[in-house]
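I opened a new page for this structure. I wanted to note what I looked up and what came back.

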Amino acid sequence: MKIWMKNDVLIQNMKKLATDLCWEFIGSVFVAIGIYNFAVQAEFPITGFSGIALILYRLFAVPIGLSTILLNIPVAFLCYRLLGRNFFISSVRCMILSSALIDYVAPLFPVYEGSRLLAALCTGVFGGIGYALIYTRNSSTGGSDFIIMAVKAVKPHLSLGNIAFWSDVGIILQVGFCFVT
């Protein structure tokens, strides 16, 4: 009886993992297309570590996905204890997946070359759908999400929205200065 119950739990865990991977993959495709095919080509600022990666891409031609992973390594290890093992593992998996898709799959799709306003809207729609799919699986793409959630864990009285807002304002200002010059 115990063996059957263990196998049932194992099967349920495998189904959950397969479902999580499927939704994380679909979400990462949306995020990658939003960033590479719309935001990069329109040269407008975005938030998070993707915004910092865009600065590195613009200034030094460092691939966006690669720089996102390199930026995330120290932050991920510093925040591991605060965020928990399961969230950490799923987020690292999703971060690597989305970064690889940005560098290797998104360039295969046509890039948008029209209005910057429409590119901004498409980035928002694609990114919003992608991040929503990822967040509903209790995962993230790392980066500023790790920092925001770690600050919230240390300072629970602070509003999650305020922490995210001020983090994003700082990144947008940096990216804006980069794209203006």
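**Entry 1: Glu24 and its partner**

I began with Glu24, which is buried at a relative accessible area of 0%. I kept in mind that the model is predicted. Which residue does Glu24 form a salt bridge with? I found Arg93, with the closest N and O atoms 2.9 Å apart. Glu24 belongs to helix 1 and Arg93 to helix 4, so the pair ties together parts 69 residues apart in sequence. Arg93 is partly exposed, and its relative accessible area is 25%.

**Entry 2: the other salt bridges**

I searched the whole structure and found four salt bridges. One of them joins Arg137 to Asp20, where the closest N and O atoms are 2.7 Å apart. This pair links distant parts of the chain: Asp20 sits in helix 1, and Arg137 in the loop between helix 5 (116-135) and helix 6 (144-154), 117 residues apart. I looked up the cover on both. Asp20 is buried, at 6% relative accessible area, whereas Arg137 is partly exposed at 25%.

I then turned to Arg58 and Glu43, whose side chains meet in a salt bridge of 3.1 Å, N to O. Arg58 is in helix 2 (residues 48-60) and Glu43 in the loop between helix 1 and helix 2, so this pair ties together parts 15 residues apart in sequence. I noted Arg58 as partly exposed, at 31% relative accessibility. Glu43 is also partly exposed, with a relative accessible area of 38%. Salt bridges with shared partners join Lys16, Asp20 and Arg137 into one network.

**Entry 3: helix 4**

I checked the length of helix 4 (residues 85-105) next. Its 21 residues should span 30 Å at 1.5 Å a residue, and the end C-alpha atoms are 29 Å apart, which agrees.

Which residues of helix 4 are buried? I listed Phe87, Phe88, Ser90, Ser91, Cys94, Met95, Ser98, Ser99, Leu101 and Ile102. They cover an arc of only 165 degrees around the axis, so they lie on the same side of helix 4. On the face turned away from that buried side I found the exposed residues Arg85, Asn86 and Tyr104.

**Entry 4: a nonpolar patch**

Last, I looked for nonpolar surface. Leu10, Met14, Leu17 and Leu21 make a nonpolar surface patch of about 350 Å². I looked up Leu17 separately: it lies in helix 1 (residues 2-42). Leu17 is partly exposed, with a relative accessible area of 35%. Residues in such patches need over 30% relative accessible area, so Leu17 at 35% passes that cut-off.

Definitions and conventions. Residues numbered from 1 in each chain as written. Predicted model: local features only at pLDDT ≥ 70, side-chain atom pairs only at ≥ 80, totals over all residues. Heavy atoms only, no water. Patch = residues over 30% accessible without salt bridge, like charges linked within 9 Å, V, L, I, M, F, W, Y side chains within 5 Å. Areas by Shrake-Rupley, 256 points an atom, 1.4 Å probe, with all protein chains shown as cover. Helix = DSSP H or I, 4+ residues; strand = E, 2+ residues; numbered from the N terminus. Buried < 20%, exposed > 50% of the residue type's maximum accessible area, 1.4 Å probe, protein only. Expected span 1.5 Å × (residues − 1). Arc of directions from axis to C-beta.
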